[in-house]
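Reader: I am new to this structure. Please show me how to read its features, one at a time.
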Amino acid sequence: ISIGSELGTLFDNQRANATDSFKSIYGKTSLSQSLEPVRDFVINYYFVKDTTGYIVSIYTPQQYWKKLKPDIQFFLKHFWIGPDPKPVIRDKTPYLWPTRGKTSTHSRHFPIHTSPRTTSTPNWAVTHPLEGLTLAPIVGGSWYAFAQNNQLVVGDVKTGSKTWAMAIPGGIASQLAADKNLVFFVTGATPNVLIGLDPESQQIVIHTPLNESLASEDLVVHNNQLLIQLLTELVAIDTQTGGIQWRYPNKSTFPPTVASGSLVLIPENQAIHHVDIDSQSRLNQWPIAPAISPISRDGTVWATHYKENSIYVTLLDTKTGAMPTQLTQTVSQIQSVWPAALSQHHYGVLFNDDTGMHYLWIIDTRSRETSGFILIDTPVRGHQLIGTPDTFEFVCRRDANTHIRSVHVQTNTQTQQTVPAQLKSSVHHMLYSRFGFSFILGDDGDNLRVLSLP
């Protein structure tokens, strides 16, 4: 039974002097000499150097896995292909950035290292008719999709060309989410219906009517479940069968935040509750009404709220229920806050005030102190703030030009990449593939523009 598999990171390849690497783990049950069932783990590491492949296979009973794990990690750390002495390579393990319908702990994309973005030459660029409301895009293995007017548009992620489109009765009321190469959305028809669709075969695989309307348009995927916040309850739906697995009473316009074996909810939009997924019992609660969805990492919930001209970031300990840290910044009257993001070791929140100024507040997640408070000198036109390894990215506009602004927190420098299209509306921006390509969706006033930038 497959337990998990993933491509190696750039650091994994550098550490082993390999061109590519891949890891797979699976469990196997066999019989001992006394005919007792024995559970074994098999861990295979595949390394490729030029045209030669290497396989490191580790076969161990499950009960010894934790004991042997340090030795296995030590071996992999010193595994090296080639006759030359192995150099010292610093581990800069990158962060899995959040994507629409995903969280940092279960993103379908692999960790990467991103190089400074300098070229404005796109991988590809296509146009679509400008009609109706466009929701945020989503990218699968070989396809991309977005909602426009009353239809779902699907294209080829390698060429950008439109593959097909499907009319959706009532339109699409939710954002898009993906799991097991299916794209999920909720229709705007009455009653609302959850649809799971295979972009390759164009077949509807999941069709689940919902007994209430959506309260939050975001769909969250977690452990083969789709978490949907309705008007009075949170429901979990099996992404393989479409069956409703459980319901939890909760009135909120916030989607749930996935923590380790638990959920963070915002009942009545007035407080933060920490709930165990299995027992659905409340573990902790804090009297904070966040302005944006909290982010959870390593047992800590990061929550942002503001009041008049002050913005607060509060750290919540899910193990003890304590609030060990709260940081504050004061500007003019705060107008809006963008969804926050995490880079490798930093939390970033983007917001603006009534003077038209935009600010990026960066907090070190290790020291839990402010490491940067940056005034953005151009209007922000993107819907998203994206965290990549020690870099935050967002879309800005200067005069008629659109560009991606990158703030590098380690060097305290900024770079920008010009988008080869004069986009007038707010822009959807996301990263995809292990190479960190930028997916851009916006309109130039005449057409809808879709671009992929290196």
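Author: Start with a definition: a salt bridge is a side-chain nitrogen of Lys or Arg within 4 Å of a carboxyl oxygen of Asp or Glu. The model here is a predicted one.

Reader: How many salt bridges does a search of the whole structure find?

Author: Side chains of opposite charge can pair when their charged atoms come close. In this model the search finds six salt bridges. One of them joins Asp364 and Arg366, with the closest N and O atoms 3.0 Å apart. Another pairs Asp179 with Lys180 at 3.8 Å, N to O.

Reader: Are Asp179 and Lys180 buried or exposed?

Author: Buried means under 20% relative accessible area and exposed means over 50%. Asp179 is buried, at 10%, whereas Lys180 is exposed, at 54%.

Reader: Which residues are linked in a network of salt bridges?

Author: The network links Asp377, Arg398 and Arg405. Within it, the side chains of Arg398 and Asp377 meet at 4.0 Å, N to O. Arg398 lies in strand E32 and Asp377 in the loop between strands E30 and E31, so the pair ties together parts that are 21 residues apart in sequence. Arg398 is partly exposed, at 40% relative accessible area, and Asp377 is exposed, at 53%.

Reader: How many cavities of 30 Å³ or more are there?

Author: Rolling a probe the size of a water molecule over the atoms shows where empty space is left. Here the search finds two such cavities. Strands E17, E19 and E20 each give two or more residues to its lining. That lining has seven nonpolar residues, one polar and one charged; among them are Trp246, Asp276 and Gln280.

Definitions and conventions
Residues are numbered from 1 along each chain as its sequence is written. This is a predicted model: local features need pLDDT of at least 70, side-chain atom pairs count only at pLDDT 80 or more; totals for chains, interfaces and linings use all residues. Side-chain values use heavy atoms; hydrogens and water are left out. On a 1 Å grid over the protein atoms alone, a cavity is a set of points where a 1.4 Å probe fits but cannot get out, and a pocket is an open set with protein on both sides within 12 Å along at least five of seven lines; lining residues have an atom within 4 Å of a point. Grid points are joined across faces, edges and corners, and a volume is the space filled by probe spheres set on the points. Helices (H or I, at least four residues) and strands (E, at least two) are DSSP runs, numbered from the N terminus. Ala, Val, Leu, Ile, Met, Phe, Trp, Tyr, Cys and Pro count as nonpolar, Asp, Glu, Lys and Arg as charged, and the others, Gly among them, as polar. Buried means under 20% relative accessible area, exposed over 50%, partly exposed in between (1.4 Å probe, protein chains only).
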